[in-house]
Structures are given as structure tokens and as C-alpha cells.
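Let's take a walk through this structure together, one neighbourhood at a time. Have a look at the sequence and the 3D view before reading on.

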Amino acid sequence: MVLGRCRARVCEQCATGGPTAPLALWVVPVAPLGGVARHVLDVATAGIPGFRLVVVCPPGALAEELRDRGAAVVTAPIGPEAGVLTSIRSVRRIVTRLNPAVVHSHLAYADVVAAAALVTRPQVMLVSTEHGIAADQRTYHRSALGAGAKRALHRIRLARTDRLIAVSESTRRVMRETWGPRRAIHVIPNRVNGQSLRRDVDARRRQRGERRRSLGEGLRILTLSRLAPEKRLEALLRALPGILALDPTAQLTIAGEGPERHALQALARELGIERHVHWPGYVPAPEALASHDVLVQLSVWENLSYALLDAVAAGVPVLATDVGGNAEILGEACLISDVEPATIQAGVERVTRMPVPEPGEDGVTDMCAAIAALYRGQPLDGKRRLWPAIDLAVNQGEFGGGEIMALAIADALHAAGYPVRIVAPAEPSAVAQQARRSGHRVAVLAARNRTSYLAALRRHVRRSAADLTWCNGLLPAVATAGYANRIVHYHQLPKAAHRGLYGLSRGRARAALVPSEWMAHKLSGTRVLENWCHPIETAELGRRRAISGQVTLGFIGRLSYDKGLDVLLRALERLNAEGNRSYRLLIAGEPRFVGPDERAAVEARVRSAGDVVELLGWVDAEHVLADVDIVVSPSIAPESFGLVALEAMSARVPVIVSDAGALPEVVGPDAPAVVEAGSVDSLVEAIRDLALGRVPTRTAALHERWRRHYSPEAGEGRVATLIAELTEGRDYP
């Protein structure tokens with residue numbers, strides 16, 4: 001084991017943050033220079049603010065380059081060539097020696113090794129960045145059996161991992177689909193110093209003289225990648241004869257090293273193009289890009305390619321396959337869906353005639369700052385926290401939409417690293433019990449009604465050691481009125497009788513939150529924090545409709561007149577009377593939080609509808625969405641959000657909403673129908689048109705809207721941003 005140039009003083013003199021800053025140990029199981037090595041070099045050069053950084057890797061080019069840049073590096077037997085047990089022992093010895101606050105692993109091999117090495121060190125934060133996972137597991141695994149074994153191994157090591165990073169949105173999606181981690185996956189995209197790189201490349205171009213980018217004038221084509229099957233370099237070689245037919249002086253540079261080198265060289269000889277192909281091995285990106293006219297990358301999969309990022313920053317045209325994170329870097333015109341020679345040739349000709357984009361900002365510093373922010377999510381030295389402890393006080397002990405969101409917010413806070421505790425009444429106990437089942441810490445207050453809960457909450461906040469209280473509803477906001485260090489979160493528009501309490505409850509709060517723009521317009525001075533929901537899968541959807549001609553409608557929510565249930569029942573009667581199609585209705589919900597007279601009237605109205613209506617009671621939404629063809633949210637009273645519509649969007653079930661409150665805002669412009677609140681005629685027409693196929697369901701567009709704006713990842717990002725803004729610059733003892 002060899003320490004870097006600074007030997008034992010590496011932690012004080014070579015890393016960022018000063019001698020007393022916590023140490024982050026990066027575990028990197030590769031020796032050559034490549035995509036992951038590039039990431040490590042960029043971060044080591046820029047530094048992680050507030051942390052000392054030491055890299056452990058095998059001896060080789062990466063270690064030498066780190067030393068040349070003055071970075072702290074430890075070389076040790078680690079990686080596939082060293083073997084798993086040796087790698088684990090190496091990491092364990094280095095951790096014992098350096099006592100890092102954070103161990104950050106890169107690539108799957110290091111992820112497993114680091115998790116095993118830290119089994120007996122729960123106080124050390126373990127962070128993992130995923131650089132190389134593909135949607136098709138056969139891309140990096142020889143067999144389905146091997147892929148399954150690796151998947152099971154990753155699910156085990158994820159139980160020890162504290163923070164998960166993906167380098168692109170596509171990487172995050174594949175991680176969720178493949179491993180199903182319970183923790184949030186934070187996207188910290190690879191970044192390059194675009195303006196600096198453009199200046200470097202332009203200077204190199206001036207030294208060699210400007211070249212025209214044209215197929216007729218000695219086109220120079222470049223690919224920067226590992227010489228491996230998944231890079232599909234043979235497809236580029238097979239396309240070169242067609243390019244040479246148009247430009248006999250064209251040249252192809254295949255820069256990189258890898259196991260396919262000899263096979264690819266043999267293919268070039270077989271095609272008779274060997275004098276047009278160059279094999280320089282590894283070449284630094286600025287040098288390679290400065291002397292070429294177009295970059296072509298035909299990979300089976302990319303997570304977020306540094307070669308593409310560099311080329312775009314350098315002003316070099318790019319042609320790449322539409323896979324993974326490539327679409328997050330390139331426009332549609334630069335992407336191809338197949339690697340046939342004619343497609344590649346046409347693509348090269350197209351992109352070389354496109355205007356050169358402006359370079360992006362220098363982004364490595366921002367990337368390093370995001371990594372530092374993620375590290376700060378829990379105590380690092382046992383004495384101080386960089387992020388606050390949060391009490392989340394629910395509005396009541398029974399479940400309503402606000403309580404569902406309270407648990408979702410608690411999940412988001414926990415995933416972002418904030419110490420969170422849910423505060424709930426002893427009776428009713430439904431929320432407290434579910435919070436415990438979800439793994440949250442819970443403070444149960446001795447209270448049996450709203451009045452006693454209000455008083456108990458105020459006593460609790462006065463005595464609590466929490467740094468921030470999140471008041472999830474009007475009651476906890478009123479209970480804590482006048483206290484500082486609060487967030488007040490209103491899920492319902494206060495009734496006229498409660499407007500005075502609303503004004504009282506906001507005093508000294510750091511932020512007042514509402515779930516929709518519609519509600520923000522009603523309550524001035526509030527900030528929008530949109531709700532979100534977990535994805536709901538409905539694999540059986542549509543089978544029943546193919547067997548019988550019956551259309552099943554779904555209603556989910558409180559059984560009350562303001563939810564439009566009577567309007568829906570009258571529409572159902574009209575539709576069945578027409579005789580064009582048979583309709584039935586599944587109702588999921590109970591008459592909670594309604595007066596006894598209205599409750600009796602609603603229940604009688606449901607019974608009068610007969611056998612075409614089935615009352616399911618309070619059940620999970622997925623049990624309903626799997627059995628219905630259309631979800632209807634026909635509220636009469638204005639809705640502050642519309643969680644039911646959101647769940648239908650996630651499940652790809654067609655949804656009809658009324659124009660009450662924020663419902664149109666939730667479904668957006670792609671909703672198949674937004675009906676007039678309280679209008680039976682409007683609702684009948686919308687259901688009939690959707691059931692008979694007269695209007696498109698738009699489920700794909702609605703699902704994409706859910707994914708982008710209302711998925712757990714989107715919600716977690718909003719919560720983390722909110723807390724970071726409210727607590728910036730504060731330390732917590």
C-alpha cells in the first residue's frame with residue numbers, strides 16, 4: 001500500500017477544507033483513465049467544499065495523474081484483479097487508518113466492497129455513485145442468471161448504503177427499476193468546465209490551423225471510448241466505406257483501449273479501410289477534439305457520457321445513439337435509433353452542417369458543491385449537525401389527504417438526510433401506527449380530541465429539541481402560533497370561520513406552504529409545494545373490458561356531496577338508461593369528517609343506486625385503479641389539489657376531473673376532459689365520449705406529467721430544496 005506524495009500528512013495538506021474538516025474517502029476500483037477516472041480527476045482537482053478528499057485506487061495511470069495534480073491518493077490492491085476478499089481487506093485497513101467521515105464508492109465492484117468493509121462501522125456514512133447501469137442487464141452481464149445474482153447482491157448492499165447518487169435522470173430510473181431501493185436516489189449530473197474547455201480546444205485549433213467541417217474536404221471522425229462490445233465500434237467501421245465513397249480522404253480515429261482492439265483492427269483490414277483508421281490509445285479529450293471534425297458514439301447504453309459533454313462544450317458536432325442519458329445532453333437531430341451504415345452516414349452528414357452551440361458554464365464546482373451538500377445530511381463528528389432535526393406535526397390522527405402527504409414528506413426528509421420525527425395524537429392512532437410501520441420515529445401525544453391535541457402540541461414544541469417544526473395543517477399551525485423556526489403547511493383553504501385562525505397561525509413562520517398555484521392565489525404570501533404520490537402499477541388493466549362490454553368507473557375519496565358523488569350517481573343512471581354501453585361504479589372511501597345528517601343521506605343515496613354500484617370502503621388506491629376503466633373526480637367544492645387524479649395519472653388510467661379549484665392545474669393541458677363542476681350533462685358527455693373512444697385517453701402524456709412533476713423523486717427534490725433554502729448558513733449543536 002503506497003500513500004501519495006504527502007505521506008502521513010496527506011489529510012492536512014492535500015485536501016480541501018483544512019486540517020479539521022471531515023475526510024471523504026473515495027473508493028475507485030479502476031487503474032486506467034476513462035469515464036469514471038475523469039469524474040474522479042475533476043472532483044479531486046476542484047475539491048469538495050468543507051471536506052478533505054483522499055482517493056484509494058489500484059496502482060496505474062489514474063493514481064499517477066492524481067499525484068501529478070497534487071491530489072491525495074492511496075494505492076492498494078483493490079478491484080476485480082485483486083479479488084473481492086483482498087479488496088475488502090484493503091478498504092477496511094485504509095478506513096481504520098484514516099478514520100473517514102464518508103466513504104464514497106464508484107462503480108458496482110467498489111459499491112459491494114465498500115458496503116462489506118463498513119458492516120462493523122455504522123457511524124461512517126456510505127455514499128455510492130452509479131456510473132454504469134444499463135436498462136438491459138445483458139449489456140454488462142453474460143447471462144440472465146449472472147444479472148439476477150448481481151441484482152440480488154446490490155439489493156443487499158443497498159441496506160448499508162446511506163446515500164445514492166445517479167449521474168443522470170435515466171440512470172436514476174434504471175436504478176429504481178432494477179434494484180428497487182427504498183432510499184431516494186439523488187441526481188448529481190456529470191459536469192464539465194465548458195467555457196474553459198472551449199478556450200483550450202480553440203487554442204489548439206489555432207495552432208494547427210482551422211479546418212472546414214465538410215464531407216468533401218478530409219473529414220476527421222473521432223470516437224472516444226473503451227474498446228468494448230457495448231460501444232458498437234464495429235458498426236462505425238462498417239459505415240466508414242460509405243463515408244469514404246463521398247470523401248476518399250476521410251479519416252477515423254478510434255481513441256481508447258480495451259479488449260476488442262485486435263478484433264476491431266482485423267475488421268478494418270477485412271473491410272479494406274485500415275489506412276483510414278488510427279488507433280492512438282488513450283488521448284486527452286481537448287487534444288482529440290481539437291483535431292477532429294465530428295464525434296460519433298454508437299453505444300448500446302450511456303449513463304451520462306463525458307465524451308459527449310466534452311464535445312458539446314468544445315463545439316464539435318456529435319452523432320450518438322438515442323440511449324440512456326444521451327438525450328439529456330443532445331438534441332433530437334444529433335441522435336439516431338439504429339446503427340445501420342446508411343443511418344450513420346446520413347447522421348454524420350447532418351450534424352456536421354449544424355451550427356456550433358455556445359459552450360456551457362464551468363460546472364465542475366457546482367457538481368462538487370452538490371456532493372458536499374449530500375454529505376452534510378447527517379452528523380459527521382458526533383458533536384454538530386450541518387442540517388436540522390425536524391418535527392413534523394400532523395393535523396389529526398385519522399387519515400385524510402393531508403396525512404397521506406405528511407408521511408410522504410417525512411419519507412422525503414428522511415431520504416434527504418434530515419433527522420425527522422412525526423408528532424401525532426394517541427387517539428385516533430392510525431397515523432402514528434402507520435408512521436411506525438414506515439420506519440419513522442414517532443412522538444405520540446396524550447390527546448383524544450382536537451382541543452387536547454392542540455394544547456399537547458403547544459407544550460411539546462416548547463420543550464422539543466427539534467430545530468424546525470413542520471406544521472402539517474391548520475391545527476398544528478395554530479397550536480404553535482408565535483413560535484419561531486416553523487413551517488406552516490396548509491392543505492385546505494381555511495373556511496370563513498377559520499380565517500382569523502389562519503392569520504394567527506402564520507406569525508413568525510419561516511415559510512407558509514400550499515399545494516397548488518390556485519390555492520396560492522387565494523392565500524397571499526404563500527409558497528407552492530406541490531403534492532406527489534408513489535407510482536401505482538396496474539398490470540391487469542384492460543383485460544376485463546376485452547371480455548365484457550361493461551365500462552367500470554371509479555370514485556376514490558370522502559363520501560360527501562362536496563366531492564360530487566351525487567352528480568356522478570345521477571350521471572351513471574343517465575348513461576345506463578341510454579343503453580349504448582353498460583356502466584358500473586366502484587366507490588372507495590368512507591363518509592369521514594362529515595356530519596351525521598349528510599352521512600345518512602349519502603349512504604342512502606348510494607344504496608338507492610342498486611347493483612351497478614359497489615361500495616369498497618377505505619382501501620388503497622391501487623386496488624381500485626387495477627379494476628376500473630375511468631377514474632372520475634367530479635368535485636363540486638373547490639379542491640386545493642387533487643391527489644386522486646394524480647394516482648390515476650401514475651397508474652396510466654384515464655381520468656376525468658371537474659373544474660373545481662386546482663383539479664385542472666393538476667391534470668394540465670393533456671386531460672381528456674375537464675367538466676363543469678355540478679353539471680350532470682357535462683359529466684355524462686365526457687364519460688360517454690371517453691368510453692366510446694371519441695376522445696383519446698392521453699394516459700401516456702398524463703403519466704409523463706406525473707413522472708416529471710409529481711413523482712416521489714420530484715417531490716423529494718422540492719422538499720430538499722426548500723429546507724436547504726430555509727436553513728442555509730445555519731449550524732445546529
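A crossing of two helices is called left-handed if the near helix is turned anticlockwise from the far one by less than a right angle, and right-handed if clockwise. Keep in mind as you look that this is a predicted model. By that definition, helices α2 and α3 cross in a right-handed way. Helix α2 covers residues 35-46 and helix α3 covers residues 61-68; the two pack at an angle of about 15 degrees, with their axes 10 Å apart. Angles under 35 degrees count as roughly parallel, and α2 and α3 are therefore roughly parallel to each other.

Next, find strand β16, residues 420-425, where five of the six residues are buried. On one hand, β16 runs parallel to strand β15 (residues 390-394), and four bridges join them. Here Ala-393 has Val-423 of β16 as its bridge partner. On the other hand, β16 pairs with strand β17 (residues 441-445) over five bridges, again in the parallel sense. In this pairing, Ile-422 stands opposite Val-442 of β17. To get from β16 to β17, the chain passes through helix α16 (residues 430-437), making a right-handed β-α-β crossover.

Finally, turn to the nonpolar interior. In soluble globular proteins, nonpolar side chains tend to be buried together. The largest nonpolar core has 89 residues, and those touching the most other members are Trp-26, Ile-48, Leu-66, Leu-237, Ile-344 and Tyr-375. Helix α9 (residues 233-246) supplies the largest share of this core, with eight residues.

Notes
Residues are numbered from 1 along each chain as its sequence is written. This is a predicted model: local features need pLDDT of at least 70, side-chain atom pairs count only at pLDDT 80 or more; totals for chains, interfaces and linings use all residues. Side-chain values use heavy atoms; hydrogens and water are left out. Buried means under 20% relative accessible area, exposed over 50%, partly exposed in between (1.4 Å probe, protein chains only). Two strands pair if DSSP finds at least two bridges between them. A crossover is right-handed if, with the strands pointing away from the viewer, the path from the first strand over the helix to the second runs clockwise. A nonpolar core is a set of buried Ala, Val, Leu, Ile, Met, Phe, Trp, Tyr and Cys residues joined through side-chain atoms within 4.5 Å. Axes are lines fitted to C-alpha atoms, for helices over the stretch in contact, and angles run from 0 to 180 degrees between N-to-C directions. Angles under 35 degrees count as roughly parallel, over 145 as roughly antiparallel, 65 to 115 as roughly perpendicular and the rest as oblique.
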